[in-house]
Amino acid sequence: MNDTPKHTLTVIERIEEPGNILRVKLAAADGAPLPPFTAGAHIDVRLQDGDLDLWRQYSLCSDPAQTDHYEIGVLRAPNSRGGSEALHRLAVVGARFTIDGPRNHFALTEDAAQTVLFGGGIGITPMLAMAQRLHRLGRDFVVHYCTRSDSATAFRDVIAVAPWADRVVFHHDDRDPAQRLDPARDLPPPSADTHLYVCGPAGFMEWVIGAATTAGHAPGNIHREYFSAEVDVSGDRFEVTARRSGVTVSVGPEDTIAKALARVGVSITVKCEEGVCGTCVTDILDGTPDHRDRFLTDEERAEGTMLCVCCSRARSKTLILDI
Ligand code: FES
């Protein structure tokens, strides 16, 4: 899952938006075209500052038809592990960042008869790229954009001049309850040709996904992308065998598979460390996983043939991995 080339991009513009959101435009230093991407894709950005050295994933919100630059939107989250604050601090014009990707775990079904995009707060970013793509394709779509208030709503100016501005329905928490998102009113009727996309804070996502599921939308038509997640990695001790590496390690109650294997020299690339990016997905040869991530689909969990080693554990005494 980690086979895209890394490259260095330069900040060509930073735009402060309401709601503690920073828009950052990145381009090659020589202006060369960037690798193409599809709507819903993200890039991994390496953030290095003193002792800090993190990879963070940011959805691309620019038009997928443009390859002269990438644009991301980043919410400053003071209670996070420091990635977003570092990006707000470091992303000045001329700053250079190592980028991995783009890659897409949140791809559009481009031939859907109807598409409804639900963006909560910073979760609007992938929806902006999707809206641009759907408009270009001439598809039927609606964007529901939920924020705390009008004054905390980022990307208003971008949306106002978009040729699809009339497809966006704004919902603000501090306004008349009648204009807030109401799944009973705002979800379309379920159909095999109707696809829903949901991104935003975990509570918002679970609310919308739960309502869509209850309304009868097929799980395969409800697409989701988590930016971050509270993940509990603790549990009973178990053993992990890395079959191709020929080692077995014990994973303690507060330990992770990735850390336990790294201690004996078996390195698996880890980025988000909270089960949302999919970088660390590893194939299982034997044993029963205890999935703690938000990345795998329900079908993939049920198959039990892979797991995210940054956070997931084992229900069996031993797990044998293909690494
Ligand atoms: S490192 Fe992101 S899912 Fe494991």
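## Report on a predicted model

Ile323 is buried, because its relative accessible area of 18% falls under the 20% limit. The structure described here is a predicted model. Ile323 is found in the segment that comes after strand S18 (318-321). Apart from neighbours within four places in sequence, the residues in contact with Ile323 are Ala242, Arg243, Arg244, Ser245, Val266, Ser267, Ile268 and Thr282. His105 stands 218 residues from Ile323 along the chain, and the C-alpha atoms of the two are separated by 23 Å.

### The protein as a whole

The model holds seven helices and 18 strands. A compact globule of 323 residues would have a radius of gyration near 20 Å, and the protein has 20 Å, so the two agree. Taken along the principal axes, the C-alpha atoms fill a box of roughly 60 × 50 × 35 Å.

Of the 323 residues in the protein, 52% are buried. Among contacts with a separation of 6 or more, 66% are between residues 24 or more positions apart. The protein exposes about 14500 Å², and carbon and sulfur atoms supply 48% of that area. There are 33 positive and 45 negative side chains, and the centres of these two sets lie 3 Å apart.

Helix H2 covers residues 124-137.

H2 is mostly covered, with ten of its 14 residues buried. These are Ile124, Thr125, Pro126, Met127, Leu128, Ala129, Met130, Ala131, Gln132 and Leu134. Which elements do the buried residues of H2 pack against? They pack against strands S4 (52-59), S5 (70-75), S7 (114-120), S8 (141-147) and S10 (194-199), and against helix H3 (156-160). After H2 comes Gly138, with a positive phi near 75°.

Thr115 is found in strand S7. With 0% relative accessibility, Thr115 counts as buried. Leaving out residues up to four places away in sequence, Thr115 touches Leu108, Leu134, Asp140, Phe141, Val142, His195 and Tyr197.

### Helix H1

Helix H1 takes in residues 83-90, and its buried residues are Gly83, Ser84, Ala86, Leu87 and His88. The cover over these buried residues includes S1, S2, strand S3 (42-49), S4 and S5. Strands S4 and S5 are also elements against which the buried residues of H2 pack.

### Backbone exceptions

Most residues other than glycine have a negative phi, and most peptide bonds are trans.

The peptide bond from Gly101 to Pro102 is cis, with omega near 10°. Pro102 has its place in strand S6 (residues 96-103).

Asn20, which is not a glycine, has a positive phi near 60°. Its place is in the loop between strand S1 (6-17) and strand S2 (21-27). Glu273 likewise has a positive phi, of about 60°, although it is not a glycine. Glu273 is in the loop between helix H6 (257-263) and strand S14 (281-286).

### Accessibility of single residues

Is Ser151 buried or exposed? Ser151 is exposed, because its relative accessible area of 61% is over the 50% limit. Ser151 lies in the loop between S8 and H3. In sequence, Ser151 and Glu17 are 134 residues apart; in space, C-alpha to C-alpha, they are 10.0 Å apart.

Asn20 and Glu273 have values between the limits of 20% and 50%, so they count as partly exposed. The table sets out the residues for which a relative accessible area has been given.

| Residue | Relative accessible area | Class |
|---|---|---|
| Thr115 | 0% | buried |
| Ile323 | 18% | buried |
| Glu273 | 35% | partly exposed |
| Asn20 | 45% | partly exposed |
| Ser151 | 61% | exposed |

How values were computed: Residues are numbered from 1 along each chain as its sequence is written. This is a predicted model: local features need pLDDT of at least 70, side-chain atom pairs count only at pLDDT 80 or more; totals for chains, interfaces and linings use all residues. Side-chain values use heavy atoms; hydrogens and water are left out. Helices (H or I, at least four residues) and strands (E, at least two) are DSSP runs, numbered from the N terminus. The expected span of a helix is 1.5 Å times one less than its number of residues. Buried means under 20% relative accessible area, exposed over 50%, partly exposed in between (1.4 Å probe, protein chains only). Contact means heavy atoms within 4.5 Å. The radius of gyration is taken over C-alpha atoms; the globule rule is 2.2 Å times the number of residues to the power 0.38. Accessible areas come from the Shrake-Rupley method with a 1.4 Å probe; for residues, only the protein chains shown count as cover. Lys and Arg count as positive and Asp and Glu as negative; His and the chain ends are not counted. The place of a charge is taken as NZ of Lys, CZ of Arg, CG of Asp or CD of Glu.
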